[in-house]
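Work through the exercises below with the structure open beside you, and try each task before reading its solution.

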Amino acid sequence: MSDVKAAVKAIRGGSPASVYLLYGTEKYQMKQFADLMKEQLIEEAHRDFAIATYDTADTPIEQVIEEAETVPFLVPRKLIFIRDHQLFTAGKDNSKIEHRMESLTSYLDNPAEYSVLIFMVQGEKLDERKKIVKTMKSQATVLSFGALQGDELISWIVKKAESQKVVLEKPAADALVSRAGTSLQTLSAEVDKLCLYAGSGGTVTVSDVEAMVARNTEQNIFAMIEEIARLRLSNALEIFYELLKQKEEPIKIMALIARQFRIILQVKELASQSYSQQQIASQLGLHPYAVKIAGEQSKKFQADRLRVILKHLAELDYQMKTGAIDKVLGLELFLLKLGA
């Protein structure tokens, strides 16, 4: 296993590894790393014929290795990107392509000096039971691109704004995450928009974020439950009506409310067993920020009350889907009972 920062430094210094294995949930960062390799290692005029892309779903690995061992034409180095969702991860392989993995194992013993192989794995984890994974870990540069933690995420937002000569301090960054969520791709676009609004040398405030960034549906649900927990029912209903204006289906809203209450209960139970925030995130397959929000909300509800709420939501789901109650009215009544 290797460190991403060290790998970036080596690439910028013109000394890339021969083989990389990139994996994780944060596809935006993985793409940024791939783009950095293209920019740093291949001259712009050469990129059309010095960069090759394959997918193991339709290309045997031995064909990729053959490409790697072929001397590049008129350029000193070539990059070969391979998308993969079967060779290094668990799960059933539905592909009809047969891969001779010994060709990759043999190549790792003596990689071509003029080729850089970059495997981009579409999966959160590698299958540690596979021999090829163990071999890659010992002979290649294996990099994990996981979700940024709370403080890391805020720091990333602040630095992105700084790169555009704009001040976006922590409170504004917190407000941005609470409205736009944790996807780096979404946050990147929102930061660009806010920086354009503030102008070079300007400052982005919390009020700027609130004025310029619309909450996505999931963030609206977070906010609605927060208002319920604080017994501010009129605010919760206002958010609900805003979702209806945005043409969100009541059944979808109800399902997202149920999902969030389920997460709150799970987080509360795991925290009571002394699980850390990171351990809970891993256990539930959630972003650490979502666990942080759920953890804060869980303090405002007793576990028994959460179970009753989930029971009522299950009953409401049945009533809404069978037409026993008007969908909007059903949700309104549910919210009113919660705030009572």
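Axes are lines fitted to C-alpha atoms, for helices over the stretch in contact, and angles run from 0 to 180 degrees between N-to-C directions. This is a predicted model, in which local features need pLDDT of at least 70 and side-chain atom pairs count only at pLDDT 80 or more, whereas totals for chains, interfaces and linings use all residues. Residues are numbered from 1 along each chain as its sequence is written, and side-chain values use heavy atoms, with hydrogens and water left out.

**Exercise 1.** Describe how helices α7 and α8 pack.

Next, list the contacts (heavy atoms within 4.5 Å): Leu 153, Ile 154, Ile 157 and Val 158 in α7 meet Lys 170, Ala 173, Asp 174, Leu 176 and Val 177 in α8.

**Exercise 2.** Which residues does Leu 313 touch, not counting residues up to four places away in sequence?

Solution. Leu 313 touches Met 254, Ile 257, Ala 258, Phe 261 and Phe 334.

**Exercise 3.** Locate Leu 74 and Ser 274, and state whether each is buried or exposed.

Solution. Leu 74, in the loop between α4 (61–69) and β3 (78–84), has a positive phi of about 65 degrees although it is not a glycine. Leu 74 is exposed, with a relative accessible area of 67% (buried is under 20%, exposed over 50%, partly exposed in between, with a 1.4 Å probe and protein chains only). Ser 274, found in the loop between α13 and α14, likewise is not a glycine but has a positive phi of about 70 degrees, and counts as exposed at 65% relative accessibility.

Methods: Helices (H or I, at least four residues) and strands (E, at least two) are DSSP runs, numbered from the N terminus.
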